Amino acid sequence: MQSSKIWKTIRLCLAAGLMATTSVAAFAAEPLKVAFVYLGPVGDGGWTQQHDMARKKLEAALGSAIKTTYVENVPETADSERVFRQLAADGNKLIFATSFGYMESLQKVAKLFPDVKFEHVNGFKTAPNISVYEPRFEEGFYLIGVVAGQMTKSNTLGFIGSFPIPSVMRNVDSMTLGALSVNPKVKMKPIWVNTWYDPGKERQAADTLIAQGADAVAQNTDSPASIQAAQEKGTYAFSIDADMSSFGKKAQLTGSTEDWSGYYIAETKKVLDGSWTGNRHTRWGIKEGMVVMAPLNPDIPPAAVKIFEDKKAAIVAGTLNPFAGPIKDSTGKEMVAANAAMSDATFNSLNWYVEGVEGSVPK
Amino acid sequence: MLRLERRATPSSTMSIASPLLAAAGMLVTGFLLFSALGKDPLEAFYLFFIKPLSSTYGIGELLLKTTPLLLCGLGLALGFRANVWNIGAEGQLTMGAIAGGGVALWFGDSDSSFAMPLMLLAGILGGMAWAAIPAFLRTRFNTNEILVTLMLVYIAQLMLSWLVHGPWRDPQGQNYPQSQGFGDAETMSVLINGTRVTWGIVYAVGLALIAWVFSEKTFAGFRMQVAGLAPAAAAYAGFSEKRNIWIALMLCGATAGLAGICEVAGPIGRLQQEISPGYGFAAIIVAWIGRLHPIGVVFGALLMSLLYLGGEAAQMGMGLPSAITGLFQGLLLFYLLAADLFIYFRLKRVGVVESPEPKPAIRVEGAV
């Protein structure tokens with residue numbers, strides 16, 4: 001009994017000492033520690049690279065007020081929970097989780113560290129200290145469709161999908177709607193490869209689509225393999241996440257890329273001045289600069305460029321919504337009525353193809 | 001000119017010392033590498049090997065990551081000793097997770113005390129069933145088990161992907177490819193409070209002891225060793241090759257399947273598309289570092305697990321790239337194989353070759 005009392009006293013002293021040092025540290029205006037967790041390597045040429053570029057811009061913008069750290073190649077397995085926890089324990093006060101599959105581990109860690117702020121890309125579960133951010137990818141893919149619909153000669157488009165989850169289904173659907181808005185004869189062929197990043201599989205999918213007559217193929221996977229395939233076969237392709245035209249100058253018509261820096265700077269400033277809140281769901285598109293179209297290929301005729309620019313301006317002005325009705329699904333059933341917009345519930349759980357897409361959604 | 005010549009009697013002391021030599025080689029190379037990068041090597045070593053162990057949570061994480069590596073490594077080591085080249089532990093792990101996870105989903109939120117034992121059993125049987133395919137094909141049609149086990153990895157992963165995209169998808173999950181979370185009775189209890197490590201590590205260490213007794217003290221274990229060391233002698237003694245293949249694959253299927261269910265019923269708590277960062281493959285290195293000995297595998301698994309955690313700590317603390325983890329694992333294996341080569345062979349200086357006929361190829365059987 002006696003020894004346990006002594007032990008308690010020691011622990012109390014230690015705790016008091018610890019509190020004293022931390023409060024002194026707080027007065028010394030330490031830089032805010034901001035951490036980024038990446039699914040892929042920073043040199044993936046796409047998704048992760050764009051996040052890391054934004055991290056560097058954030059450092060350049062806020063200088064000594066912050067200190068950033070990143071951890072790359074963090075799988076969506078039980079490992080992510082440890083990484084988040086370790087980063088929080090190391091004193092990072094704002095953590096950006098840049099892959100959807102971190103959602104459950106983020107929920108667990110956020111409860112353990114209520115004073116740490118978490119930002120999660122593309123998720124749907126928030127918390128008092130978790131906010132979610134998501135680009136309006138559908139705007140970029142609608143415009144890709146507008147270009148593809150005008151440039152295709154075979155009237156067959158292709159789409160290399162990662163996983164048939166709502167945030168990707170929106171892209172195949174909005175691209176098809178964009179193409180149909182300029183060319184009612186187009187058909188869309190999707191292929192699902194069940195991976196975000198696998199150059200071998202992506203290349204195979206691109207070759208298959210081209211062999212089936214698709215001469216303008218977009219992708220929702222992260223490597224430039226399909227651009228290389230199109231360059232060799234003399235067909236068209238579209239980049240995602242980053243400008244990939246260096247992999248196929250003639251093949252890449254445009255692309256839907258992201259610039260995360262505006263959001264990262266804005267959120268970090270909010271944490272610095274104390275106005276950051278959780279439970280928010282932010283969706284930024286072309287207007288806010290989170291979705292950026294890659295430069296147009298000079299081979300696109302001026303008339304087609306004009307239509308593209310007009311539609312882009314209409315999206316920015318808010319007069320064009322890619323998912324405005326009437327929209328039918330691939331079986332011909334009306335899903336969104338004329339003069340209506342797609343409901344948030346449908347948008348968030350989209351799991352059907354619009355009319356014009358061939359095949360059925362893999363279950 | 002130099003050539004390799006087989007030693008008459010390989011030193012048994014050296015064969016135990018070679019993992020230590022390999023670890024030393026890894027550290028020296030790491031030291032040079034960090035210095036060349038302009039990073040303080042001592043700080044890097046601290047982050048890599050000490051910091052992950054400096055808290056109870058860290059030790060829990062080490063044991064948590066050791067669990068699947070140890071379970072898979074044990075099964076593989078037993079097979080490798082008998083010359084059965086199963087490299088598909090990852091697939092057997094996945095199938096164990098599917099089978100055990102299926103039972104968990106069937107129980108739903110029930111708090112039945114049968115749930116956990118049945119899940120573990122289903123996990124073990126799932127892994128065994130998956131390993132039975134290459135065992136059958138090898139014993140019946142003499143199919144190469146290296147190819148079959150490897151290809152079955154991808155089939156198992158696609159099956160899991162199909163299940164979480166389709167029939168087992170969480171109806172409340174907004175279509176995302178994952179199952180419902182398991183109930184409390186379907187989740188393994190935590191061994192040390194404040195950590196995530198589960199009873200899985202206790203099973204794994206217990207199995208390592210059983211495997212040790214099995215391979216050293218039982219006749220079946222002896223038969224498998226003979227089959228590995230001297231297949232002709234085993235055949236002459238009338239030991240059935242088929243039985244050895246079946247035992248080797250069934251044991252590995254069982255341990256890998258258990259690893260799978262421990263992972264999904266433990267830290268993950270549901271079925272999802274990705275459940276393992278390649279434990280089944282990393283366990284091949286674990287088995288070799290552990291000298292294919294059950295107790296050695298325990299240490300091999302701890303070391304590999306530490307390398308994963310250390311790589312993360314080095315990224316967070318010093319901004320080193322994540323490739324550093326793979327680099328250290330590769331260095332370790334490289335030095336281990338190099339040390340082994342010199343245990344079995346020596347370099348001999350020979351004069352200019354006079355005879356025009358080519359020299360017979362050196363057989364390196366048993367060198368690794």
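Predicted model: local features only at pLDDT ≥ 70, side-chain atom pairs only at ≥ 80, totals over all residues.
Local features need pLDDT of at least 70 and side-chain atom pairs count only at pLDDT 80 or more, whereas totals for chains, interfaces and linings use all residues. Residues are numbered from 1 along each chain as its sequence is written, and chains are lettered from A in the order in which they are written.

In chain B, the axes of helix α3 (residues 56-81) and helix α11 (residues 279-289) come within 8 Å and cross at roughly 60°, the axes being lines fitted to C-alpha atoms over the stretch in contact. That makes α3(B) oblique to α11(B), since roughly parallel pairs lie under 35 degrees, roughly antiparallel ones over 145, roughly perpendicular ones at 65 to 115, and the rest are oblique. Residues of α3(B), including L69(B) and F80(B), meet residues of α11(B), among them Y279(B) and I284(B), where contact requires C-beta atoms, placed from the backbone, within 7 Å.

The two contact surfaces divide by class as follows.

Between the chains, 20 residues of chain B are in contact with 27 residues of chain A, and the elements giving two or more residues to the chain B side are α6 (145-165), α10 and α12 (294-318) of chain B.

V37(A), leaving aside its neighbours within four places in sequence, is in contact with residues that include V71(A), F84(A), I95(A) and Y102(A).

Technical notes: Axes fitted to C-alpha atoms, helices over the stretch in contact; angles between N-to-C directions. Helix = DSSP H or I, 4+ residues; strand = E, 2+ residues; numbered from the N terminus. Contact = placed C-beta atoms within 7 Å.
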